Amino acid sequence: MIAIDEGREGARRVALLGESLVTVAAIFGPNASGKSNVIAAFAWLRDAVQHSLRQWETEIPVDPHAFGNGPDSPTEFVVDYLIGGVRFEYVLRLDRTAVHYEALFHYPEKKRRRIFEREALELKLQRGLGGLSGTRELLTDSTLALSVAARFREPLVSDFVRALTRAQTFGMPRRSRPTTRGGRSLSASRASIRWFDNQSATSQPGLFDDTDLPTPDRELALALLRMADMGIVDVLIDDEEVPRPGDPGSTRVLRGVRLVHDADEEHVPLEFIAESHGTQIWFDLIGPVLVALQAGGLLLFDELDASLHPALSAQLIRLFHDRATNPRGAQLVFAAHNTSLLNHLNRDEVWLTEKNRAGATRLGALADFAGERVRRSQNLESAYLHGRFGAVPDINQADLIYSLRRIG
C-alpha cells in the first residue's frame, strides 16, 4: 500500500513513515491463481484473533497450502497496520497443533520496539507493560497471545486488535473463517440495515463487538443507495417473525427489508428477496462502505465486479480515492477480473497473481513488474490484455479441438 506516485488524490502522506499510502489496491489474475486466497488469509488472521481464546481447543483450524510439503509446514502471517500515525507489525507462525512464534512490534520514532514476543509458551514483554503479565497464565499452545493480551486493555495492544478485527471482508467463502463452531460474524445485510433502521440502539463499546461503530446516518445511506440509479427512493424496515433454527415451534424476530421503487410516478415497496442480485449486493455494501469511510478502516472485497456494473464498481473506487468522501484514509482492497477497472487505477494500485508449478501463488506489484517501472502514462488495460505483465490465462484450444473432432 506504499504509493510510488505521490501528490495525487489517492495517495495520503504519513509523516512518521516518510511515505504516502494508497487508498485502493486491486488484485488481478487468471481464475484459480489465488486472488481470493490473498483476501482469505487476511480474513483468517482477523477472525483468529477474535476466536482463538474461546474456540481453539485441541486443534488450530489453520488452512495450509494443500500441495507439496504445505500440509506439514507451519503457516506464517505478517501484517502491518498504521494506527495513530504509528506503524505496527504483527507476526504469527503456527500449524494445526501449536503456535510456534508470535510477536507484536511498533515503530515509534521509526525505530522497531517490541510490545510482546512469544516462542512456544515463553512470553517476553516490553518494559512498562506489566499489566500484560497475566497473559502468561492464560496462554496455551493453541491460543494466540494477542487474543489473551487484548483482554487486559493495554492501549498498545487493544488499539491494534480493534483496528485489525474491525477490518471488513465482503464476498468471502465460509471456509476462510478460523472457527469450527460458528462464532460472531456481522453479515453485510445486517450491517446495512442498521443505517436505515431508526430503532438501532447504541451501548457501551466492546473490544470485539460493533457497538462503537460510526453512528448510522439514514440520509447518507439513502444517498449512496440512490447513487446506483436503480429507481429506489426509500427503504422500509419491518419486524419479521421467522422460525428459530433447530428449535421447532420457536420463532425469533428479524429486521426485514423492503426497497421502495419509483415506478411510473408510483412508489411501490418490493421485498428484498425479489430484488435482483446486483441490487442486493449494492444494498449489502452500503453498511461496510460507510463504516470504512467514516472510521478510516479497511474493506476487502472478493470479486468486486461479479455482480456490479463496471460503472458502479468504478464509482466505488472513486469514493475511496476522493478526499471529500474519504477524509480519514480508508482503504479498499479488492480482487477482480474486469480489466476495464484498470482504467480507473494508478500503476501502484494494481497487484497480479500467478500460480507456479508447485501450485503456489505469487503476488507481485505491477509497478515493479520484471524489475522495471511501468510508465505512469501507460494504458494499463491494453498492456495487461496483451500479456505485457503476465497474470492472464494461457488458453490452449488444441486438445479441445482435437477431442471435439473425434465426436464427429
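**Sheets and helix packing in a predicted model**

Trainee: How many helices and strands are there in the protein?
Mentor: The protein has ten helices and 16 strands; helices (H or I, at least four residues) and strands (E, at least two) are DSSP runs numbered from the N terminus. This is a predicted model, in which local features need pLDDT of at least 70, side-chain atom pairs count only at pLDDT 80 or more, and totals for chains, interfaces and linings use all residues. Residues are numbered from 1 along each chain as its sequence is written, and side-chain values use heavy atoms, with hydrogens and water left out.

Trainee: What share of the residues is buried?
Mentor: Of the 408 residues in the protein, 46% are buried. Buried means under 20% relative accessible area, exposed over 50%, and partly exposed in between (1.4 Å probe, protein chains only).

Trainee: Turning to the sheets, what is the strand order in the open sheet of five strands?
Mentor: The order is β4-β5-β6-β7-β8, with antiparallel pairing. Two strands pair if DSSP finds at least two bridges between them.

Trainee: Which strands stand at the edges?
Mentor: β4 (75-83) and β8 (122-125) do; each has a single partner strand, so one side of each is left without a neighbour in the sheet. The twist averages 5° from one strand to the next.

Trainee: How many bridges are there between β6 and β7?
Mentor: Strand β6 (residues 99-106) pairs with β7 over six bridges, in the antiparallel sense. Leu104 has Phe116 in β7 as its bridge partner.

Trainee: Which helices pack there?
Mentor: α1 packs on the sheet and touches β4 and β5 (86-94), its direction making about 80° with that of β4. α4 lies across β4, β5, β6 and β7, running at about 105° to β4. For such values, axes are lines fitted to C-alpha atoms, for helices over the stretch in contact, and angles run from 0 to 180 degrees between N-to-C directions.

Trainee: At what angle do α1 and α4 pack?
Mentor: Helix α1 (residues 35-55) and helix α4 (residues 155-165) pack at about 130°, with their axes 9 Å apart. That makes α1 oblique to α4; angles under 35 degrees count as roughly parallel, over 145 as roughly antiparallel, 65 to 115 as roughly perpendicular and the rest as oblique.

Trainee: Which residues make the contact?
Mentor: Phe42, Arg46, Val49 and Gln50 of α1 meet Val161, Leu164 and Thr165 of α4. Contact means heavy atoms within 4.5 Å.

Trainee: Back to β7: is Ile115 buried or exposed?
Mentor: Ile115, found in strand β7 (residues 113-119), is buried, with a relative accessible area of 0%. Leaving aside neighbours within four places in sequence, the contacts of Ile115 include Phe88, Leu104, Leu125 and Leu156. The C-alpha atoms of Ile115 and Leu125 are separated by 5.9 Å, and the two residues are ten residues apart along the chain.

Trainee: And what is the order of the six strands in the other open sheet?
Mentor: The order is β9-β13-β14-β3-β15-β16, and the pairing is mixed. The edge strands, β9 (168-170) and β16 (361-365), each pair on one side only, and the twist averages 15° from one strand to the next. Helix α7 (residues 277-295) packs on this sheet, touching β9 and β13, and its direction makes about 160° with that of β9.

Trainee: How many bridges join β13 to β14?
Mentor: Four bridges join strand β13 (residues 298-301) to strand β14 (residues 331-335), and the two run parallel. Leu300 stands opposite Val333 in β14.
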